[in-house]
Each structure stands twice: as C-alpha cells, then as structure tokens.
Amino acid sequence: MYLNRKVIALLNEICSKERRMELVYSLAAQTVTGPYREALSEEFKDHAEDEKEHADIAMRHIVALGGVVQVDVEKLPIWRTLDEILSGLEELEKDGIALWQELLKICQDNNDAFAHVIESVLETEIDHLDE
C-alpha cells in the first residue's frame, strides 16, 4: 500500500509537470519569433501534444492504482528571446526526464509492467531534449 501511495504521489507530480510543459510548449509556439518561427512553432505544437499524452498516461495510471488525480500547474515562465525559450525548455525537459527515470526505477524494482510504458515516454522526452 505504501508503494502505491508513493507511486501515485510521483505520478501526480509528473502529471502536473507534463501539463505545465504542454502549456509552455503551446505558449512558445505562439510567441516564438524570427526567421525560423514557422518551423519552430510547428515543432513546439507537436511537443505540446506529446506532453499532453504523457500527462494522460500518468492520469490513467493514477486512477488504475486507485488514486485521485491532483494537478497543480506552476506559473508559466516568461521568455523573451529564442535563446531563453530553448534553454528554458531544455531545463524543464531535464527535470521531467529525471522524474520519469525515478518512476521507472521504482517500477523496475517491483517488476511492474508499467515500466515498458515509462520507457516509451522516456524515449519521447529524450527526443525532445535532443531536438
């Protein structure tokens, strides 16, 4: 029972961060400027959709474990330049990856089949970081 509470708490934290990332990417898509605006905007929109799906995965697993989804989205950052946007997104992605990796370790240590889903999410998150 303790393990489920710990996993649910971590999933709620992940869900909150993923929802925030969805909003941050959406905001970046609308506010990015410069010669690469159109391409970057489309990329950011795609990333926002991925983040939404990751939050949905976390929410479904919370419910499957008998928990209650509690999303608390922190205030969005204000970035004015492309460099600020890109470096800010990189930091937020690293934070998200660390949380998913923590969850993966717990699931692997307990032979939880959800580990395979987490590995897939981590692949996408790492792709975001590389892009």
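Contact, as the word is used in this tour, means heavy atoms within 4.5 Å. The model is predicted, so local features need pLDDT of at least 70 and side-chain atom pairs count only at pLDDT 80 or more, while totals for chains, interfaces and linings use all residues. Residues are numbered from 1 along each chain as its sequence is written, and side-chain values use heavy atoms, with hydrogens and water left out.

**Stop 1: Ala29**

Select Ala29, in helix α1, which covers residues 2-31. Helices here are DSSP runs (H or I, at least four residues), numbered from the N terminus. Is Ala29 buried or exposed? With a relative accessibility of 0%, Ala29 counts as buried; buried means under 20% relative accessible area, exposed over 50%, and partly exposed in between (1.4 Å probe, protein chains only). Now display Arg37, Ser41, Phe44 and Lys45, which are in contact with Ala29 when its neighbours within four places in sequence are left aside. For a distance, pick the C-alpha atoms of Ala29 and Trp79: they are 12 Å apart in space, and the residues are 50 apart in sequence.

**Stop 2: the largest pocket**

Next, select Tyr25, Leu40, Glu43, Phe44, His47, Leu86, Leu89, Glu90, Glu93, His128, Leu129 and Glu131, the lining of the largest pocket. Helices α2, α3 and α4 (114-130) are the elements that give two or more residues to this lining. The space within the largest pocket is about 190 Å³. A pocket is found on a 1 Å grid over the protein atoms alone, as an open set of points where a 1.4 Å probe fits, with protein on both sides within 12 Å along at least five of seven lines; lining residues have an atom within 4 Å of a point. Grid points are joined across faces, edges and corners, and the volume is the space filled by probe spheres set on the points.

**Stop 3: salt bridges**

Side chains of opposite charge can pair when their charged atoms come close. Here a salt bridge is a side-chain nitrogen of Lys or Arg within 4 Å of a carboxyl oxygen of Asp or Glu. How many salt bridges does the structure hold? There are nine.

Select Glu74 and Lys17, a salt bridge whose closest N and O atoms are 3.3 Å apart. Glu74 lies in the loop between α2 and α3 and Lys17 in helix α1, so the pair ties together parts that are 57 residues apart in sequence. Glu74 is partly exposed, at 45% relative accessibility, and Lys17 is partly exposed too, at 31%.

Move to Glu42 and Lys45, whose side chains form a salt bridge of 3.5 Å, N to O. These two residues of helix α2 are separated by about one helical turn because they are three residues apart. Glu42 is partly exposed at 41% relative accessibility, as is Lys45 at 38%.

Then select Lys52 and Asp56, which form a salt bridge of 3.1 Å, N to O. Both lie in helix α2, four residues apart, about one turn of the helix. Lys52 is partly exposed at 30% relative accessibility, whereas Asp56 is buried at 15%.

**Stop 4**

Select Leu103 in helix α3, a buried residue at 0% relative accessibility. Which residues does Leu103 contact, leaving aside its neighbours within four places in sequence? They are Val7, Leu10, Leu11, Ile14, Phe114 and Ile118.

Beyond its neighbours within four places in sequence, Ile106 is in contact with Leu3, Lys6, Val7 and Leu10.

Now select His61 in helix α2, which counts as buried at 13% relative accessibility. With neighbours within four places in sequence set aside, His61 is in contact with Leu11, Asp112 and Phe114.

**Stop 5: a nonpolar patch**

Finally, show the surface and select Leu23, Val71 and Val73, a nonpolar patch with about 210 Å² of accessible area together. Such patches are made of residues with over 30% relative accessible area and no salt bridge, nonpolar side chains (Val, Leu, Ile, Met, Phe, Trp, Tyr) being joined within 5 Å and like charges within 9 Å. Accessible areas come from the Shrake-Rupley method with a 1.4 Å probe; for residues, only the protein chains shown count as cover. Val71 lies in the loop between α2 (37-64) and α3 (82-109) and is partly exposed, with a relative accessible area of 39%.
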